[in-house]
Number of protein chains: 2
Amino acid sequence: MAIEAANGSAVANGSASKQGPLNLDASKLKVIRTEAPRAMPSPENLKFGQTMTDHMLVATYDPINGWSAPEIKPYGPFALDPASSCFHYSTNLFEGMKAYIGPDGKPRLFRPELNMARMKKSADRIALPPFDTEELLKLIKRLVAMDAHWIPTLPGHSMYIRPTMIGTRPNLGVAASDHAMIYVICCPTGPYFRTGARQISLLAMGETVRAWPGGTGGYKLALNYAPTLKPQQVAEQQGYNQVLWLLGDRVTEAGAMNFFVVVKRDDDNWDVYTPPLDGTILPGITRDSCLALAGAHPSRTVLPHLPETLRLHPQERPVTMSDLAQWHAEGRLLEAFTVGTAVVVTGVGRIGYQGKNIELPIHEGGRGPLAQALYERIMDIQEGKVEWEGWSVPCA
Amino acid sequence: MAIEAANGSAVANGSASKQGPLNLDASKLKVIRTEAPRAMPSPENLKFGQTMTDHMLVATYDPINGWSAPEIKPYGPFALDPASSCFHYSTNLFEGMKAYIGPDGKPRLFRPELNMARMKKSADRIALPPFDTEELLKLIKRLVAMDAHWIPTLPGHSMYIRPTMIGTRPNLGVAASDHAMIYVICCPTGPYFRTGARQISLLAMGETVRAWPGGTGGYKLALNYAPTLKPQQVAEQQGYNQVLWLLGDRVTEAGAMNFFVVVKRDDDNWDVYTPPLDGTILPGITRDSCLALAGAHPSRTVLPHLPETLRLHPQERPVTMSDLAQWHAEGRLLEAFTVGTAVVVTGVGRIGYQGKNIELPIHEGGRGPLAQALYERIMDIQEGKVEWEGWSVPCA
């Protein structure tokens, strides 16, 4: 009876072709504006992830009614049953996106359809209900447009967007969560690492393994992060900024970022390596963008400050600690850098492993030539200053 | 300043010997009884994990004040910030315990100090704040005593207890959660599997890997479960009850349970194998109890229905799919069974692997001789009918 009622409702709402629970539908959005808008802290004082904007987007799913009418409403706590699946079985996933103000004063997103596609895959991997990613993206654009005055316009600043999905089935039996909530929260943000112009240091760690074949390292799931927090503390205690994750001798990721190295063939040919998407590597959108842009130089575009005579050879291939040591010994290890939505592109200065350090060339400004070129170009595309293959998408 | 104030408060509360944040302290318990006690459903209709008792225990931690005064209060939702660590980085863990009514009418727990020790290790593994396990156990006993009328007295029924700890740091930066909540909820429960007297079937799966050396399979963390939900659906679609998890050719666990096999040397000597605690296996308390009881037969106790001439040889050793196939071909694979707090001991009737099935001897009642003996003895100890090494602990 309840399912029939939900169908009836769907028909009444114009989704006559759909049977069963309702789809996520941006046209049903309800907006409740805050009555107490907050002031944004001074951008210089922003720490990543600490200050949220005025509004959030919420939609809920249950197996009878399907997706609720989505709501944009004042940011605030929500109430959950203590037996909810998200607390006990980690049926939780998220995405990371960023909004920038373009030269036209309008907010822009960066390749958001890739976040949506990845989020859909994550949900399927942990058996959360499906949702229409195009509808979700419409809703995110609405939220960003509404809180666009929270986007700092200082260089290197932006608004970080956190689409999140959690299982809310209130039942301790170990089973797929047939209840869920999607919510999206936003925070104005400055540079992720406050190391100033220094390159970050990485401690390579093999005892604790972040991801393995047949595991979930290739999906953006909450569960990939908790096991990394303690090793991160160990790295910091030993004077390193982040962990370089290994699987055996192979590098997988760095902290919560993808990892790149630049190896010189000769002065005019640099190999650019990043580990392949074998299931242990997050398919990062910045990673993909770096590979694409490196491959476009110099034939389709000239990256900032790089000579036109330089040919870059981006390749997805395994990178081992032995490789790093050997390239370093041969004087061919030009750069290592880490990439991700939050950090964009960050240079690596030192890699510790088994009591020794690989010291990389130090560069003013914190990035080697390729890292700096990719950083500048990606920022220019994200901020709408340079058009590139439709990567930067206006919100309204 | 804030830390000094917290110290001052600690001194004023009589914890003069403690510096800094307050410890979890059972003597500070506040009890708020429900004004609307609910009726327990008929025990025959209980499904695992669906019906909660009237009350729950809650205590919160922040880095300035430490642990709050714990509260037992009416079961109900709690409010969390959408940026809480538990949603984004899976800083969540739990335990599973059971309470039974003893012959004296009083509720009893089973080896609860092992749950507390494991919970402490889990918290440390994902960098959650420490807590005093003895105090938590006192609080759990109070909660169980208060809701003891929810414990069904039917055979095979009990009250399942779910101590839970979640990270509540409201900040999207990837870092240890310095805010946390411990809560304990309870549900009256019947047998976990409603297969009647049938033995369960397992589908051995190697593509998806539950645990890995250097991973978190040896800790009871929420994050170990989400990746298993989709494979569980696949197993069910293929007509199996649960997944048998493999790492390469090696068996690790079955569903969310530990796995045992019984292999005949000769009529008077049975080997009892379970995979070793190499970091990929949950150190189950029922697992430990089964090993101990099997080792005690017949010298220290005679297990139900087993001949005194039978010698059991329990061993923690790797078990591979090749081993299972060979023992089966030789006619020596007497039993396979799965164990855990929720299921106690459940017989396995069939193991599917690579398109073939290993069919195990079928036993009336759903368990082979050793599984049945261990099940009866553990239940007798849990229900306080048989005293064994202080395993069964009265709540009050």
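Predicted model: local features only at pLDDT ≥ 70, side-chain atom pairs only at ≥ 80, totals over all residues.

Visitor: How should I read a strand, and which residues lie on each side of β9(A)?

Guide: In a regular strand, side chains alternate between the two faces of the sheet. On one side of β9(A) are Ser158(A), Tyr160(A), Arg162(A), Thr164(A) and Ile166(A), and on the other are Met159(A), Ile161(A), Pro163(A), Met165(A) and Gly167(A). Both faces are covered, as these residues are all buried.

Visitor: How many bridges join β9(A) and β10(A)?

Guide: These two strands pair in the antiparallel sense over 10 bridges. Within this pairing, Arg162(A) has Ile185(A) as its bridge partner. Strand β6 of chain A is also antiparallel to β9(A), with 3 bridges, and Leu93(A) stands opposite Met165(A). Strand β7 of chain A likewise runs antiparallel to β9(A), joined by 3 bridges; here Lys98(A) faces Tyr160(A).

Visitor: What describes a pair of aromatic rings?

Guide: One gives the distance of the centres and the angle of the planes. The structure holds 24 aromatic pairs over all chains. One of them joins Phe110(A) and Trp391(A) edge-to-face, at 5.8 Å centre to centre and 90° between the planes. This pair links distant parts of the chain, 281 residues apart: Phe110(A) is in strand β8, and Trp391(A) is in the loop between α8 and β20. Phe110(A) is buried at 9% relative accessible area, and Trp391(A) is buried at 5%.

Visitor: Which charged end sits over the ring of Trp391(A)?

Guide: That of Arg111(A), which lies 4.0 Å from the ring centre.

Visitor: Finally, what rotation superposes chain A on chain B?

Guide: A rotation of 180°, with 0.0 Å of shift along its axis, superposes them with an RMSD of 0.0 Å. The two copies are thus related as by a two-fold rotation axis. Moreover, 98% of the interface residues of chain A are also interface residues in chain B, so the copies meet through the same surface.

Key
Residues numbered from 1 in each chain as written. Chains lettered and ligands numbered in written order. Heavy atoms only, no water. Buried < 20%, exposed > 50% of the residue type's maximum accessible area, 1.4 Å probe, protein only. Helix = DSSP H or I, 4+ residues; strand = E, 2+ residues; numbered from the N terminus. Pairing = 2+ DSSP bridges. Least-squares fit on C-alpha atoms with pLDDT ≥ 70 in both. Contact = heavy atoms within 4.5 Å. Phe/Tyr/Trp six-rings, centres within 6.5 Å; stacked < 30°, edge-to-face > 60°. Lys NZ or Arg CZ within 6 Å of the ring centre and 35° of its normal.
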